[in-house]
Structure formats: structure tokens, C-alpha cells
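Here are a few friendly notes on the charged side chains of this model. Have the structure open as you read.

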Amino acid sequence: MSNGSFPHSFKQSVVTPLLKKPSLDKENPSNYRPISNLSFLSKLVERIVKTRLDHHLASNSLYNPFQSAYTRYHSTETTLLAVHDSLIQAIAHQKVTCLCLLDLSAAFDTIDHNILIDRLSSWFGISDVALSWVESYLADRHFIVSASGHKSSTFLLSCGVPQGSVLGPILFIMYTTPFSTLLSNTGINHHLYADDTQLFISFSPSSYPANIIQLQSVIAQVSTWMSANLLILNPSKTEFLVIGNPQQLAKFNNPQLTLDCNTTIVPVHKARNLGVIFDNHLSLNSQITALSQSCFYHIRDLRRIRNSLDFKTASTIATALVHSKLDYCNSLYYNLPAYEIQRLQYIQNSLARAVCRTSKFAHISPTLKALHWLKVTERIEYKLASLTYNALQFHQPSYISNLLTVQSNSYSTRSSSLVTLKRPTVVRAAISKRSFSQSVPILWNSLPPCLRQPAENSSNILSVSRPYFLAHLKTFLFSKSFPP
């Protein structure tokens, strides 16, 4: 590293094609991801460099605030939470939103090395030995393809970054940073997660023609930028939703989006967005249906083998295969209608019965309490409170932190000495209760005082550490799930 060179022996990789989804055609090569298997020492060196690169980007505020991939406190959930909040707010104000989910073809594989090196130097201030090391890392890489027990001859990797490497993802988001700057100047809202791009614009139904023209113009600019940077926008896999309440959507007559002279797409009723199914009313009914099918598939398998497992192993399998699915992006379920929450609770109840081999006629609360599992409603509140803590204490991600306002304490009372959130102007529409910015201040202000103590003489807002906050938060919510 001090010589600015990456060993040649570390540049050899074995590419194993991985099918993107089990349902896709196995005979179509475009349905596979070229995952590179690299040596352990290669990844170890990359991880050291990534740690230093992360520190450089964070300390100099060089991260793209709208890019949530591979960055601390940023995730698919924070991305979707911010988008979901904007969509809910638009519906509450009788607006509709055009949401466009752009698809890039082989994004990691077409990165031009010369453009990347120039961008690292001009945008991120990387120079001298550090820049020479990255040049050495990218240059003269070779790979072979291994599939079905056969190996190809050796090929030179003249462009792209290896999928499966440690540095590849962060180099990709640095490569595409100017793209976000371009979008920020267009008046169209956007969020990025690696190569997944979401564009959305909200408006009243009467102004649809002007806004759809604006969206089409921005997509044309996106396509031009992609071509100039040797990235490929895939119109055939781009999805388009028009989201609003039924009354506002009824005012549209055959809306469509023209991407180029050869491609016109019509809105779909639902689309998978970073693992969550969004529908055109944002009811999340289709998402919960798909989640139920997936979870009960695993619960049935767990029941079949339960007699062969001890309790600890069964509980671990349940948490890994089912609770992980229930908890994924569950912050979007806050204040959904009670019957939808009950569908989620029914999944957890069935899982608890499978783990503890409890009769389906037995009362479930004692079983859940014995497992020390929060019920679904409290699990959702736990997630929201933990995300709010990150936004207040670390100001990350900024697009979540900007939705929160700490109440100024102009007078001295016991409650005013706590960190309290100010609720925005109340919107009467019932759906606004599902908005993060509207509902989280109420949730946060209901937490025990010990969790909202302000810091003294510190850059932090809260005095409590994150482990302390999460531990006592669970204790508080556990008492809500199972009151004495």
C-alpha cells in the first residue's frame, strides 16, 4: 500500500454466474449476476482501504446524501421510509405521485476505469500514492468463468469493478455521484440505493400534462448522462406507478410515460421496490400477502422438522427465516388498518406455536412472553424509535433527520428538560397518521424520560448511548406487549 500497488496475484478471480431470482429463465444469460470469487488476502487488503476511504469521505462530508448504499445508518429501509413519507404526505394533500423505478443494465460491469480515476481525483480529492493504488487495483485484472463443473479460458477485465469485491460497491457509488447532482437541479425528487434509482414528482391531477412532460425530460437527461458515462438505462425493465387515493386516480385517463421514441410504458398497479411491494394506493396489502405466503412456507417446513430440533435451534431458525422477514422495513407498517396488523400478528403467533409446539387453541400471549418476543405493533414501534434515535443523535441519514424538529424549551418544567419533538402542522386526512414526520413525534414523546435525557456540553442531542437506549426501549415496549 505504501508503494501504491496492488499485487498481481490478487487480481485473479473466478466468476460464478448466480441466478438473480429462482423464477427467472435459467437459459437466458442476462438473468445471471457475475459474482467474482476473490482470494481472502485480496479482500482483507480491500477492507483496510475501504475503512480509510470511508473515513476520508465521512470526515470531509463527501458522501452523496441521497445515496443510501454501503453507508453507516443508511439502508434500504431508511430509503423506503423517506420515499413512503413523501408519498403519504402527497396523498394526504389530495395529490398524486408519479414514481419511476429506473433499471440499469449490468451497472457494475460497464464502469470506465479512466472516468472513475478522474472522478476520484476531481470530485473526492484522492491523489498521489492513494490514487496510484486504485489505478493498480483496477488495471490488468483477469477472470475465468466457472459453471456446471467447467471452466473457461482466462479473460482480461478491461472495465467495470468486480461484483463480490469489498471496494467495488463504494467505487460504484463514487462513480455515479455526479448523477445525483444532476437530478438535484431538475426539481424531481430522487433516492438512490446502489444502482436502484427512484424518481418521483407529486402534483394535483389537473397539472398532470406539464408534470409528466417534466418527468420525461428528466429521464431523457438521465439517459444522456448514462450514455456519456458508459452506463446503460434499460427501458424494458423500468417500472412506473401513479400513486394516490382512488378519487384522485379516477381523474386520469390512460396515463403513460414515454422514455424514448420507441418505448412507452403504462403504469403498473404494483411493483417491487427494494424488496417491498408498492401498490398504486400505497395500502401495502399486496406486500403483506406476499410476506404471509413466504413466512408460512418456512413455518410449515419448521413444523415438519421440529421434533428433530432442540428448543434453542428451533428458536434460532424461526428468528433467521421468519422474524427477519417480518422485521424487514416494518417501519412502513406503522398505523396501518388494524386488520392488516392482525395478519402480521397471525404470522408471529403461528411461528411461536411451531417453536414451542403449542396447541392452536391455547392462548398465545404466554407463549410469546416466554419467548421474550415483542408483539408486531411493538416491534414496529421499536424500529421507528431506533431510527429516530439515529437521526437525532448522529444526524444520519440526513433525509430522515431533516423530517424531525426538536422542540425548543422556552420555559422550565420537568418535561421541557427532555428531548421533545415538535409535531408538524396537523393534516386532517386519516392516511397522514402513517406518515413518519407526522406520527413519529407522538411516538417519541411518549417514550420514558430516561430515554430522552438531553446531553450536556456535547455535540450530541441525547445523553444516553445507543446500547442503553435500545435495551431500555425493549423493556418499555415489552411491558406494553404484555401488561402486568
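**Notes on charged residues**

1. Arg304 is exposed, with 62% relative accessibility (exposed means over 50% relative accessible area, buried under 20%, partly exposed in between, with a 1.4 Å probe and protein chains only). Its partner in a salt bridge is Asp301, at 2.3 Å from N to O (a side-chain nitrogen of Lys or Arg within 4 Å of a carboxyl oxygen of Asp or Glu). Asp301 is partly exposed at 30%. Both residues sit in helix α9 (residues 285-305), 3 residues apart, about one turn of the helix; helices are DSSP runs of H or I with at least four residues, and strands are E runs of at least two.

2. A word on the basis: this is a predicted model, where local features need pLDDT of at least 70 and side-chain atom pairs pLDDT 80 or more, while totals for chains, interfaces and linings use all residues. Residues are numbered from 1 along each chain as its sequence is written, and side-chain values use heavy atoms, without hydrogens and water.

3. The structure holds 6 salt bridges. One of them joins Asp54 and Lys50, with the closest N and O atoms 2.9 Å apart. About one helical turn separates the two, because they are 4 residues apart in helix α1 (residues 40-59). Lys50 is buried at 18% relative accessibility.

4. Arg379 and Asp327 also meet in a salt bridge, 2.8 Å from N to O. This pair links distant parts of the chain, with Arg379 in helix α13 (residues 376-393) and Asp327 in helix α10 (residues 311-327), 52 residues apart. Arg379 is buried at 17%, whereas Asp327 is partly exposed at 22%.
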